[in-house]
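I opened the model to look up contacts, rings and cores. My notes follow.

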Amino acid sequence: MDSVDEEARLLVNNAPISAPVNYTRDVHVLSFAFLLIFLAYGAAQNLESTVNTEEDLGTTSLGILYLSFTFFSLVASLVVRALGTKNALILGTTGYWLFTAANLKPTWFTMVPASLYLGFAASIIWVAQGTYLTSTARNHARKNGLHEGTVIGNFNGEFWGVFASHQVIGNIISLVVLKDEAGGSTNGTTVLFIIFLCVVTLGIVLMWFLRKEDSKEEEPSLPSASLHSSILSLSKSVVAPLADRRMILTIPLIAYSGLQAAFVWAKFTKQVVTPSLGVSGVGGAMAVYGAADAVCSLVAGRLTSGLPSITFLVSGGAVIQAVVFIWLLLGQSETLGTVYLLLISAVLGIGDGVFNTQLNALLGILFKHDTEGAFAQLKVWQSATISIVFFFSPYISMHTMLVIILSVLCLSYVAFLTLTVWVEKSFSRL
């Protein structure tokens, strides 16, 4: 009788209950594939405003890239659903390979097309990344009887911690390879980008080892759907989140996360780091930035268990970044020594680590039924903010930029606190 009862417990709808499955392997593979790809791209991006300076080719290319990123993020969720997350991730890697290759011969005819295509590829890879990681966390929690919010936080912490270390490795490579010469020129850029191209290729190969997403909520492939249903699906993924009060209150913080990152890439490296340490010193400062970002991402991910912990961590990240921006606004950057400069780099990295992990965890928790749409909105608003900074940074003074970034920080933090209070009240009524 006991054996019969045991068999009955192991069967649901005539199908055996699946044994616990460990999905951490996929998080490891995804994290290290992104590490390889972005240690090359991230270091290249940090150098664009200081290496490709002719007619502001570097900053303009990045502006075009993120403008393209913004536009294609509107339809990225549709493409990800059509291809599946693994295929979308692989397709997305091709844009980073092409952009890195274009830097071997940086002209308007190579950089602009590569930037446009990378905007498309980036929109696909980032929506797929957020969707894949969240789905993997949910599957891991469900099949192993774990708390979903905690698993989402842990998986995001590992991913963003490993990912953020790309700033350390990539910029150390830049620091070693690049040499400043008399007259302000820099030697070693061709060798550097050849190395980066090989690294990106390894990352693309690694991405193939991901297992396909196992999601009960996965939608049917769109190519077989009618044009009408495809348009409705696109409308739902783009417009529907904007009718959700939770998303409206999250968007300011999303925009700020893009703004603070773009400030580091476009203004901090060019107007604070380069005058003090030279072009080759950008790699060292950004390596410190990346190390702090990586450690903070791992710690913040481990501390994330739900909305209260997210609120606490976002508050801490906002305060420490505000202190740095006020310090720079008061003109202290003019007297910074190497130690203080590296300390500021570390603090900015800590803030970036907080916002990356907590925004991804927040969207994964609040938008369970439209993960693709939520992460598409994340990239739309982040990339739109970044593109604006890159386009206008040559014409905006450091003082004006700092005033803008502090204003957006205050607005986004108030909106975020409003969101947390409203969500907590909504849950308390249930």
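I count a contact when heavy atoms lie within 4.5 Å. The model is predicted, so I take local features only at pLDDT of at least 70 and side-chain atom pairs only at pLDDT 80 or more, while totals for chains, interfaces and linings use all residues. Residues are numbered from 1 along each chain as its sequence is written, and side-chain values use heavy atoms, with hydrogens and water left out.

Entry: Asn154. I looked up its contacts, skipping residues up to four places away in sequence, and found Gly301 and Arg302.

Entry: Trp126. Beyond four places in sequence, Trp126 contacts Phe34, Phe38, Phe69, Tyr96, Phe159, Trp160, Phe163 and Lys379. Lys379 sits over the face of Trp126, 4.4 Å from the ring centre. My rule for a charge over a ring is NZ of Lys or CZ of Arg within 6 Å of the ring centre and within 35 degrees of the ring normal. Arg211 does likewise over Tyr23, at 4.9 Å.

Entry: cores. I define a nonpolar core as buried Ala, Val, Leu, Ile, Met, Phe, Trp, Tyr and Cys residues joined through side-chain atoms within 4.5 Å. Buried is under 20% relative accessible area, with a 1.4 Å probe and protein chains only. The largest core holds 99 residues, and Phe34, Trp126, Met207 and Phe263 have the most contacts inside it. A second, separate core has 14 residues, including Ala40 and Val199.

Methods. Buried means under 20% relative accessible area, exposed over 50%, partly exposed in between (1.4 Å probe, protein chains only).
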